[in-house]
Amino acid sequence: MGRSQETFGKKDNEKKRAKKKTEKEERKAERQANAKAGQPLEEMFAYVDEDGNISATPPDPKKKRIIKDEDIQIGVARRTDDDDDDPVRNGIVSFFNDSKGYGFIKDQQTQESIFVHANGLAGGPIGENDKVTFEVEMGPKGPNAVRVKKASATPPPASAAPAPPAAPAE
């Protein structure tokens, strides 16, 4: 009277699930049989050779080099004191959108493009191709130009040597 409620697809899916389950149990049993628990410590060591590659053989003691802890650099190299003596930089405005209030300044020293916002302007409005002086502060998304001012048309005078004191009259 009634046909089985299971269709061919359901039976096939059930067989696949059972097969996956048995394969998983077999892999688990194989891993447990081949487990390396109880091995001597020396067999579990990995070594780094002189080229930085991982190997199973210990390195040759004749090729050993002594490296000082101070010489190891992880990440960014340490800054030296002479990197940024003068925080004020010079640059040229490469792009500035007055309606949105942001733009970019090309630093003349490093040739990198630095973001500038209208809130960072100190000496009035700026436009494209204006020569400016500015300072760089790190923002959440990278370096930002702050205290931006248009550079004066005439460069500041070079520091002249002081005049020698006048000789006293005798």
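Figure 1. From the N terminus on, the elements run α-α-β-β-β-β-β-β-β. The chain therefore has two helices and seven strands, given that helices and strands are DSSP runs. The model shown is predicted. Of the 170 residues in the chain, 12% are buried. The accessible surface of the chain comes to about 15,300 Å², and carbon and sulfur atoms account for 53% of this surface. Among the contacts with a separation of 6 or more, 40% are between residues 24 or more positions apart.

Figure 2. Arg17 and Glu14 form a salt bridge, and the closest N and O atoms of the pair are 2.8 Å apart. Both residues lie in helix α1. Arg17 and Glu14 are three residues apart, about one turn of the helix. Glu14 has a relative accessible area of 48%, so Glu14 counts as partly exposed. Side chains of opposite charge can pair when their charged atoms come close. The count of salt bridges comes to six.

**Figure 3. A negative patch on the surface.** The patch is formed by Glu23, Glu25, Glu26 and Glu30. One of these residues, Glu26, is found in helix α1, which covers residues 8–33. Glu26 counts as exposed because its relative accessible area is 56%, and exposed means over 50%.

**Figure 4. A nonpolar patch on the surface.** Three residues, Leu41, Met44 and Phe45, form this patch. Together they have about 320 Å² of accessible area. Leu41 lies in helix α2, which covers residues 41–44. With a relative accessibility of 51%, Leu41 counts as exposed.

**Figure 5. The salt bridge between Arg89 and Asp107.** The side chains of Arg89 and Asp107 meet in a salt bridge, with 2.7 Å from N to O. Arg89 lies in strand β3 (residues 89–97) and Asp107 in strand β4 (residues 102–107), so the pair ties together parts that are 18 residues apart in sequence. Are the two residues buried or exposed? Both Arg89 and Asp107 are buried. For Arg89 the relative accessibility is 14%, and Arg89 counts as buried because the limit is under 20%.

Figure 6. The closest N and O atoms of Arg89 and Glu112 are 3.8 Å apart. This pair links distant parts of the chain, with Arg89 in strand β3 and Glu112 in the loop between β4 and β5 (113–117). The two residues are 23 residues apart. Glu112 is partly exposed, with a relative accessible area of 36%, whereas Arg89 is buried.

**Figure 7. The surroundings of Thr133.** Thr133 lies in strand β6, which covers residues 131–139. Which residues does Thr133 touch, not counting residues up to four places away in sequence? Thr133 touches Val88, Arg89 and Asn90, and also Arg147, Val148, Lys149 and Ala151. Arg89, one of these residues, also forms the salt bridge with Asp107. The C-alpha atoms of Thr133 and Ile105 are separated by 9.8 Å, and these two residues are 28 residues apart along the chain.

Note on methods
Residues are numbered from 1 along each chain as its sequence is written. This is a predicted model: local features need pLDDT of at least 70, side-chain atom pairs count only at pLDDT 80 or more; totals for chains, interfaces and linings use all residues. Side-chain values use heavy atoms; hydrogens and water are left out. Patches are made of residues with over 30% relative accessible area and no salt bridge: like charges are joined within 9 Å, nonpolar side chains (Val, Leu, Ile, Met, Phe, Trp, Tyr) within 5 Å. Accessible areas come from the Shrake-Rupley method with a 1.4 Å probe; for residues, only the protein chains shown count as cover. A salt bridge is a side-chain nitrogen of Lys or Arg within 4 Å of a carboxyl oxygen of Asp or Glu. Lys and Arg count as positive and Asp and Glu as negative; His and the chain ends are not counted. The place of a charge is taken as NZ of Lys, CZ of Arg, CG of Asp or CD of Glu. Helices (H or I, at least four residues) and strands (E, at least two) are DSSP runs, numbered from the N terminus. Buried means under 20% relative accessible area, exposed over 50%, partly exposed in between (1.4 Å probe, protein chains only). Contact means heavy atoms within 4.5 Å.
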